[in-house]
Amino acid sequence: MSSEEKIAVLGAGAWGTALANVAATGRDGVVLWGHDPAHIAALSRDRENRAYLPGLPLAAGVAPHADLSAVAGAGVVLSVVPAQAMREVARRFRDILAPGTAFVICSKGIERGTRCFMSEVAAQELPQARIAILSGPSFAADVCRGLPTAVTLAARDEALAKRLCETLSTRAFRLYRSTDVLGVEIGGAAKNVLAIASGMAAGRALGASAGAALIARGFAELTRLGRAYGVNQETLMGLSGLGDLVLTCGSAQSRNFALGAALGRGEAPLEAAHGKLAEGAFTASALVAMAKERGVEMPIAEAVDAILSGAIGVDQAIEALLMRPLRAEA
Ligand SMILES: NC(=O)C1=CN([C@@H]2O[C@H](COP(=O)(O)OP(=O)(O)OC[C@H]3O[C@@H](n4cnc5c(N)ncnc54)[C@H](OP(=O)(O)O)[C@@H]3O)[C@@H](O)[C@H]2O)C=CC1
Ligand SMILES: O=C(CO)COP(=O)(O)O
């Protein structure tokens, strides 16, 4: 993969725009595809994503497009649409992507209904693609501002992961490679659900000690789930697991945390997201069902799911968590 290789980004929201800017570091012709022609026209005119990243300029090398055909010929495609839209979008590009195209999933979530991980959705819809996943602590606005961070890029084929890391890394956006695709996906999907719980604790003013305890017990849940799926412990301890959990559970900049905080303050589940994408709200029920199927205890994730579905209130959930039988820490 050379710097001349064409890169396309699917999804013109906050993260898609930030990643297109990263890809356009020292490179021209990065296609930023979005499904809404009016939004793409505004992006081209303003050279700024005013809807999702106001005040941050689009890099000169980014070319916004609403036509599927603009993505043809790309050797690397970053998929950055909401997790629940991944299948539909991948299907739309089935006849556009060439065999061997690297399809890098940058969404964090599990498909409801099918309970598929994003890599499974992509493999089903794009059998010709080589699947990779990019995940880790990275707020779109931080990355767009050029603030430094490090994330994980995983592909089963290590040579592919290495080449993608070399292609997409910049000075401020450091990619570490892995072959543990599922381990990376589990971290990204679960941390969003757990961040809603952390937000709730903040919204209920439970204090910094409760916040730290929730991160540690949330990480224990994430680790148990990962173990049940046979993923590497190092992956869960790394950027896409613990790293992203700490970021998302500790910052009101996170939309998942903000949703939880609104719930904690007493807002109703259907209104608390305030129109923003909080992936954990869509993933919670699938995550809890998958854990139950495998006999994995995830009481914090279960509490989030029960609150979001309206089955219990925040105070009831806190009471239930505090009254759980005492047990060994592991
Ligand atoms: N924002 C961040 O800091 C980070 C986000 N992520 C992950 O990236 C993914 C995308 O998040 P983010 O960019 O922040 O979300 P945003 O809400 O900012 O943007 C989502 C974009 O996807 C578009 N979209 C929605 N449905 C479809 C569809 N069916 N087909 C095509 N496009 C669609 C939206 O268009 P419209 O405006 O028309 O709805 C919008 O442009 C999520 O899984 C998130 O967890 C990962 C790391 C960091
Ligand atoms: O995944 C993210 C940071 O790594 C973004 O988190 P939110 O989707 O909660 O804003």
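This is a predicted model: local features need pLDDT of at least 70, side-chain atom pairs count only at pLDDT 80 or more; totals for chains, interfaces and linings use all residues.
Which residue does UniProt list for "active site" in its unreviewed entry? I began with this question and found that the record gives Lys-191.

**Entry on Lys-191.** I looked up where Lys-191 sits and found its place in helix 7. Leaving aside neighbours within four places in sequence, I found Lys-191 in contact with Leu-222, Asp-244, Leu-245 and Thr-248.

**Entry on the two domains.** I next looked at how the protein is divided, and noted domain 1 as 7-179 and domain 2 as 189-323. The centres of the two domains, taken over C-alpha atoms, are separated by 25 Å. To the contact between them, domain 1 gives 17 residues and domain 2 gives 19 residues. On the side of domain 1 that touches domain 2, strand 7 (149-154) and strand 8 (173-178) each supply at least two residues, and the largest share, 3 residues, comes from strand 7. I sorted the residues of that side by class and had 8 nonpolar, 6 polar and 3 charged.

**Entry on ligand 2.** I counted 13 residues surrounding ligand 2, and the closest are Ser-138, Asp-244, Ser-254, Arg-255 and Asn-256. Asp-244 had already come up in my notes as a contact of Lys-191. Which domains does the shell around ligand 2 draw on? I found that domain 1 and domain 2 each provide at least three of its residues. Helix 7 (181-203), helix 10 (239-249) and helix 11 (255-264) each supply at least two residues of this shell, and helix 10 gives the most, with 3 residues. By class I noted 4 nonpolar, 5 polar and 4 charged residues around ligand 2.

**Entry on ligand 1.** Around ligand 1 I found 27 residues, of which Gly-13, Ala-14, Trp-15, Ala-85 and Ser-107 come nearest. The elements that give two or more residues to this shell are helix 1 (14-23) and helix 3 (86-92), and the largest share, 3 residues, comes from helix 1. The shell around ligand 1 divides into 14 nonpolar, 9 polar and 4 charged residues.

**Entry on the "binding site" annotation.** I went back to the unreviewed UniProt entry and saw that its annotation "binding site" covers Lys-108, Arg-255 and Asn-256. They span 149 residues in sequence, yet no two of their C-alpha atoms are more than 12.8 Å apart, so I wrote that they gather at one spot.

I placed Lys-108 in the loop between strand 5 (102-105) and helix 4 (118-125), and I counted it as buried because 28 other C-beta atoms lie within 10 Å. Apart from neighbours within four places in sequence, Lys-108 is in contact with Ala-83, Ser-135, Gly-188, Ala-189, Asn-192 and Glu-279.

Arg-255 lies in helix 11, and with 23 C-beta neighbours inside 10 Å it counts as buried. With neighbours within four places in sequence again left aside, its contacts are Lys-276, Leu-277 and Ala-278.

**Entry on a strand pair.** Last, I looked at strand 2 (residues 30-33) and strand 3, which run parallel and are joined by 4 bridges. Leu-32 stands opposite Pro-64 in strand 3. On strand 3 (residues 62-65) I noted a covered face, Val-62 and Pro-64, and an uncovered face, Ala-63 and His-65. In a regular strand the side chains alternate between the two faces of the sheet.

Note on methods:
Residues are numbered from 1 along each chain as its sequence is written. Chains are lettered from A and ligands numbered from 1 in the order in which they are written. A residue is near a molecule or strand if its C-beta atom, placed from the backbone, lies within 6 Å of it. Ala, Val, Leu, Ile, Met, Phe, Trp, Tyr, Cys and Pro count as nonpolar, Asp, Glu, Lys and Arg as charged, and the others, Gly among them, as polar. Domain bounds come from an automatic or database domain assignment. UniProt positions are given in the numbering used here, feature names are shortened, and annotations may be inferred rather than shown by experiment. Two residues are in contact if their C-beta atoms, placed from the backbone, lie within 7 Å. A residue is buried if 20 or more other C-beta atoms lie within 10 Å of its own, exposed if 12 or fewer, and partly exposed in between; C-beta atoms are placed from the backbone. Two strands pair if DSSP finds at least two bridges between them.
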